[in-house]
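Thanks for coming. Please look at the sequence and the model first.

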Amino acid sequence: TLLRHRQPQKAARASKNDQEHTSRAVANGCGARGPGRGASTRSKRRQPRHGQHKSGRMAIYCLDAGAATTRVCLAGEDAPRVRVPSARGDNEQTPQTPSSPSRGLAPDWAAAEEVWLAALAAAAPTVDAQAVVITKPLLAPERTTRRLRKFALKIAPRVWVCEAPTLALLGAGLETGVAVDVGATAARAVPVVDGRAVPHAARAAARLGGDALDARVGQVLTAKGLRFSSKKSFFAAARKVKETAAAVQSERRPQLSLLTVELEDGQSVSLTTEDRLRIGEQLFDGGGIDAVGLHELVLAAAVAAADGAKRAKLLNGVFVCGGGSLVDGLPERLGDELRKLAADPDAVQIRAGPRRQDAAVVGAAALAAAPDVEVAWATADAKNIS
């Protein structure tokens with residue numbers, strides 16, 4: 001009605017279908033601005049839109065665009081609704097999906113956005129986006145932050161782009177500590193002081209990441225005589241063995257036993273205690289001479305970030321997250337090794353939640369829903385956003 005009063009001549013010539021389309025746009029809160037982001041033809045792909053959905057429901061979407069997996073949940077939830085592959089490594093683990101910004105490579109942004117849109121739409125197809133929280137890797141270039149913000153503003157009128165390690169630590173209830181993310185491409189130790197990451201003190205090691213563990217699993221499988229028809233099947237088998245059998249030495253858990261793993265291609269492999277430890281121990285021996293182990297990585301980050309009482313507080317809040325942190329016995333072993341190196345062994349405390357592989361997106365969901373947390377939302381009209 002508003003549009004017809006403003007443009008009486010065009011309204012008179014409009015067809016019945018055009019009038020119905022205009023009415024729908026006004027009902028969605030987009031008519032006064034024209035098509036805009038919320039009423040474009042692209043929104044017909046079941047992606048979240050601006051305005052009110054016919055169900056009347058709106059929510060804050062949380063998106064973690066990780067190096068290997070994209071996770072989506074809504075604010076206030078404690079587990080992802082959607083997990084989909086988000087990166088295509090050189091090893092062809094997931095050949096249909098693009099490289100993500102988390103890998104530190106030049107990503108295929110168009111293909112990456114397709115993956116993210118599909119994940120967002122699958123998470124809650126009948127709920128509109130009131131705002132979007134999206135994660136980014138630490139030390140991501142400003143152009144990456146701008147591109148992520150631009151993408152999120154297509155979905156919702158407000159967006160918050162934040163470092164994944166900071167979200168993981170804050171979501172665990174810690175304002176000061178070290179986020180230890182054992183991810184697909186590398187293991188990273190990121191100190192966070194009073195809710196802010198300390199970029200210059202962060203440490204990373206590619207030899208401690210999931211890809212390096214996959215390579216170690218490949219050595220074990222090859223030594224046992226297993227053969228695979230393609231790289232895709234090889235890495236699928238390596239990933240399954242890593243997730244179910246990898247372990248590290250720890251005096252705090254029962255003795256390991258022989259384990260048989262059934263692979264997706266019908267083969268099976270029996271892994272002895274030595275085989276299982278050979279895979280996981282790379283996290284602490286670094287996979288070579290003069291290589292840095294996970295415990296040394298964490299201590300180096302804490303030392304670079306602070307000294308004295310502040311350093312002790314950092315080591316008191318070591319939070320382990322990422323898919324690689326699920327290796328059997330890793331949190332206990334990390335604590336034991338850090339206590340051997342720390343000046344105050346009693347100050348070291350390791351925290352590892354049951355869903356630590358999803359810590360970043362769950363942390364984002366917790367902060368976005370917290371009534372006492374002020375989020376620095378960015379909008380399309382804001383300038384010079386920090």
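When I say contact, I mean heavy atoms within 4.5 Å. With that in hand, take leucine 334: leaving aside its neighbours within four places in sequence, it is in contact with Phe284, Leu294, His295, Val298, Val318, Val320 and Ile350.

Some housekeeping. This is a predicted model, in which local features need pLDDT of at least 70 and side-chain atom pairs count only at pLDDT 80 or more, while totals for chains, interfaces and linings use all residues. Residues are numbered from 1 along each chain as its sequence is written, and side-chain values use heavy atoms, with hydrogens and water left out.

Now the overall picture. The protein chain has 14 helices and 13 strands; these are DSSP runs numbered from the N terminus, helices being H or I with at least four residues and strands being E with at least two. Of its 386 residues, 49% are buried. Buried here means under 20% relative accessible area, exposed means over 50%, and partly exposed is in between, with a 1.4 Å probe and protein chains only. Among contacts between residues at least 6 apart in sequence, 65% join residues at least 24 apart.

Back to the core. A nonpolar core is a set of buried Ala, Val, Leu, Ile, Met, Phe, Trp, Tyr and Cys residues joined through side-chain atoms within 4.5 Å. The largest one has 47 residues, and those with the most contacts inside it are Val241, Leu294, Val318 and Leu334. Which helix gives the most to this core? Helix 11, residues 294–305, with 6 residues. A second, separate core has 29 residues, including Leu117, Ala129, Leu153 and Val161.

Alanine 129 sits in strand 4. It counts as buried because its relative accessibility is 0%. Alanine 129 and isoleucine 155 are 26 residues apart in sequence, yet 6.5 Å apart in space, C-alpha to C-alpha.

Next, helix packing. Helix 11 packs with helix 12, residues 308–315, at an angle of about 145°, and the axes are 9 Å apart. The axes are lines fitted to C-alpha atoms, for helices over the stretch in contact, and angles run from 0 to 180 degrees between N-to-C directions. From helix 11, Leu299, Ala302, Val303 and Ala305 meet Arg311, Leu314 and Leu315 of helix 12.

Helix 6, residues 164–171, is largely enclosed by the rest of the structure, because 6 of its 8 residues are buried. Those are Ala164, Pro165, Thr166, Leu167, Ala168 and Leu169. Just after helix 6, glycine 173 takes a positive phi of about 90°.

On to the aromatics. Rings of Phe, Tyr and Trp (its six-membered ring) pair if their centres lie within 6.5 Å; planes under 30 degrees apart count as stacked, over 60 as edge-to-face and the rest as tilted. A search of the whole structure finds 4 such pairs. Phenylalanine 228 and phenylalanine 234 are edge-to-face, at 5.5 Å centre to centre with 75° between the planes. Why is the pair of phenylalanine 234 and phenylalanine 235 edge-to-face? Because their planes are at 85°, with the ring centres 5.1 Å apart. Phenylalanine 228 is buried at 19%, phenylalanine 234 is partly exposed at 21%, and phenylalanine 235 is buried at 13%. Elsewhere, Trp109, Trp116 and Phe151 form one aromatic cluster.

Two arginines lie over rings. A charge sits over a ring if NZ of Lys or CZ of Arg is within 6 Å of the ring centre and within 35 degrees of the ring normal. Arginine 158 lies over the face of tryptophan 377, 4.8 Å from the ring centre. Arginine 333 lies over the face of phenylalanine 284, at 4.6 Å; phenylalanine 284 was also on the contact list of leucine 334.

Last, the loops. Leucine 139 is not a glycine, but has a positive phi of about 65°. It is found between strand 4 (128–136) and helix 5 (142–153). Is leucine 139 buried or exposed? Exposed, at 61% relative accessibility. Aspartate 194 has a positive phi of about 55°, again without being a glycine. Its loop runs between strand 7 (187–193) and strand 8 (196–197), and aspartate 194 is exposed at 52%.

That's what I have.
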